[in-house]
Amino acid sequence: MTDKALPTTARVLEMHRMMCTIREFDEQAGQALDSGLARGSVHQYVGEEAIATGVCANLAATDYIASYHRGHGHSIAKGVDPVGMAKELLGRTGGVCGGKGGSMHIADFSRGMLGANGVVPDGVSLAVGAAQAVKLLRQDRIVAAFFGDGALNRGPLFEALNWARVYQLPLLFICEDNLYSATQRTGAVTAGPGGVARAQSFDIVTETVDGNDVLAVDAAAARLTARIRDGGGPAYLYATTYRWYGHLAFDKGLYRDPAEVKSWRERDCIARIEAWLIGRGVDKAALAATREAVKRAIDAAYEAARAAPFPDKHHAFTDVQDIGGPAWA
Amino acid sequence: MGVMTYAEAARLSLEQEMDRDPRVWALGEDLGPEGGVAGQYRGLQQKFGPERILDTPISESMIMGSAVGAAICGTRPVVELRYADFGFCAADEIVNQAAKIRYMLGGQVRAPLVIRQSVGMRNGMAAQHSQNNEALWVHVPGLVVIAPGTPADTHGLLKAAIRCDDPVVFLEHKELWATSGEVDPQAGPLPIGVARLVRPGADATLVTWSSTLGRALEAADALAQSGISLEVVDLRTLWPWDRDTVFASVRKTGRLVVAHESVRVGGFGAELVAEVAQTMFPALKAAPVRVASPRAPVPYAKPLEDMCRVSADMIAAAVREMLPADPSGPLAGT
């Protein structure tokens with residue numbers, strides 16, 4: 001916090017509430033998978049909440065984001081309703097995608113959330129196109145593309161960086177480096193000086209932040225988004241972080257050194273911001289009350305999801321295509 | 001009416017759609033300076049500017065991926081993939097994103113885009129520039145697949161593809177670019193999913209599409225010399241294909257031959273034959289036949305390349321073979 005005024009307590013309290021909401025949602029997402037209520041792949045964002053929160057605090061409702069398989073946090077931070085998300089996770093009516101996408105395809109266009117994605121790094125590719133559309137239609141929007149360090153060795157990411165810079169698109173790339181590509185340590189399979197250099201080699205402006213420090217993420221995102229809104233072309237935020245759990249909710253993460261996990265848990269983004277707020281004079285009890293209120297809201301979201309009916313079977317064959325859909329075949 | 005080439009008809013069609021709808025734009029390699037591999041974009045960048053006719057790097061993943069992103073955010077991109085063989089470089093974005101995004105997202109959004117790929121053998125382009133990949137795209141739920149065989153159909157069907165809210169794979173045959181035909185420049189879009197009965201006949205039905213149409217008509221001429229009457233149906237749209245026209249024709253003739261340039265094994269002809277056999281087996285007077293390429297890459301040398309081509313002679317021979325042999329006349333006793 002050197003180049004602008006410190007954020008107001010109200011803003012930080014809001015970010016604290018957001019991080020608590022994301023964490024509670026994903027803790028319960030893991031439980032939903034364990035209990036068999038959720039199916040397939042559930043990638044929890046626990047430990048990384050500061051990045052989605054700090055970036056999205058600098059986006060307008062009309063801005064777009066695109067995400068990846070670990071996408072719940074980005075959705076919530078962009079304003080997607082946790083009730084609709086919980087219903088989607090449980091494959092129920094009223095889910096944001098009608099129960100047809102599940103965790104890896106949560107999207108809500110009414111909130112500018114263009115979707116999580118099951119293929120690395122295709123959310124970035126879609127974000128490039130969204131930014132191209134914004135430019136073609138002369139709209140007053142920017143686009144943010146979240147991706148993990150696992151994307152750093154995929155060709156389409158290089159194509160996206162090149163493309164965004166060539167056409168000077170209003171696009172913020174956000175690399176969330178949690179050190180692991182699924183179960184593989186990314187550093188062991190990555191040549192060169194790493195995730196920031198990837199973008200720098202395309203002459204894209206970059207910033208590196210501690211992704212577990214929401215104030216640092218907020219400040220960097222504020223600088224980069226302002227630059228993009230001013231027509232400065234794409235920018236790249238590189239945020240280091242760590243996921244508390246495995247790649248997937250059922251992955252126990254045994255390939256990681258317990259000391260490493262412990263050291264990162266000690267850098268918990270929520271505990272850190274709570275300490276900061278207490279230093280600002282916020283009452284401990286007020287923070288506990290926030291956590292309690294968030295838990296009640298997320299409990300209610302999952303309760304509503306459990307109570308919601310499964311989609312009518314005919315929806316298996318709706319929205320395939322207008323011409324020549326399954327009813328035709 | 002006027003006479004124009006397949007490439008000119010395609011160019012005119014895109015120009016008219018871009019005039020009509022400011023959300024339509026095109027992107028791909030070599031569209032501006034070169035005007036496309038066959039001149040099918042000639043002059044359009046000068047008219048519409050470099051943003052709406054976007055020259056891209058050689059980045060098939062991003063050409064396709066960004067088109068999907070732009071399509072779900074309010075524009076209608078026309079993607080030029082230059083050669084169908086390069087479509088494989090963008091297969092993830094076509095199959096996993098364009099085709100499924102509407103479905104996966106519960107119908108929140110559509111991806112109205114056209115994926116243009118030039119297909120087929122032409123003058124020794126060899127194994128990586130000669131493929132016909134229509135069967136792959138037909139196999140993917142969410143995609144519409146169109147393969148026009150004449151300038152007029154290219155003109156009308158490209159318009160329909162651009163106005164379609166589903167992603168459309170639009171397969172243009174390299175051998176057809178320079179061929180000419182009558183086109184009404186004022187004509188509107190042609191309906192997707194409607195075949196064209198090109199030549200009525202009584203003894204057998206030949207279903208084909210794209211450049212094989214020309215060979216089918218040559219075969220029909222040759223067969224007519226021997227008193228055999230071949231009905232020729234140009235499918236034009238492969239998905240969804242026009243069952244009514246095909247079924248009505250086969251009901252009438254009782255015999256089906258499908259001819260296509262792509263590999264016979266697992267080809268789209270197999271689907272047509274299976275559907276016809278399942279639907280109207282009792283109406284068939286002979287086992288349906290496919291005339292198509294052997295399961296081999298396309299070779300370079302002319303005599304080798306010709307081994308992979310479906311010729312008019314092969315089509316005619318297949319038709320003769322399914323008719324009863326009788327010295328008193330080709331159709332005696334049927």
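**Exercise 1. Find what share of the contacts in chain B between residues at least 6 apart in sequence join residues at least 24 apart.**

Start with the term: a contact means heavy atoms within 4.5 Å. Then take the contacts in chain B between residues at least 6 apart in sequence; 81% of them join residues at least 24 apart.

A word on the ground rules: this is a predicted model, where local features need pLDDT of at least 70 and side-chain atom pairs count only at pLDDT 80 or more, while totals for chains, interfaces and linings use all residues. Residues are numbered from 1 along each chain as written, chains are lettered from A and ligands numbered from 1 in written order, and side-chain values use heavy atoms, leaving out hydrogens and water.

**Exercise 2. Check the radius of gyration of chain B against that of a compact globule.**

First, recall the rule: 2.2 Å times the number of residues to the power 0.38, with the radius taken over C-alpha atoms. For 334 residues this gives a value near 20 Å, and chain B agrees because its radius is 20 Å. Next, look at the box along the principal axes: the C-alpha atoms fill roughly 65 × 45 × 40 Å.

**Exercise 3. Decide whether B:R102 is buried or exposed, and find its polar side-chain partners.**

Buried means under 20% relative accessible area, exposed over 50%, and partly exposed in between (1.4 Å probe, protein chains only). B:R102 has 8% relative accessibility, so B:R102 counts as buried.

Now the partners. A polar contact is a pair of N or O atoms within 3.5 Å; within protein, one must be able to donate a hydrogen and the other to accept it, and residues adjacent in sequence count only if both atoms are side-chain atoms. The side chain of B:R102 pairs this way with the side chains of A:D322 at 3.2 Å and B:D166 at 3.3 Å.
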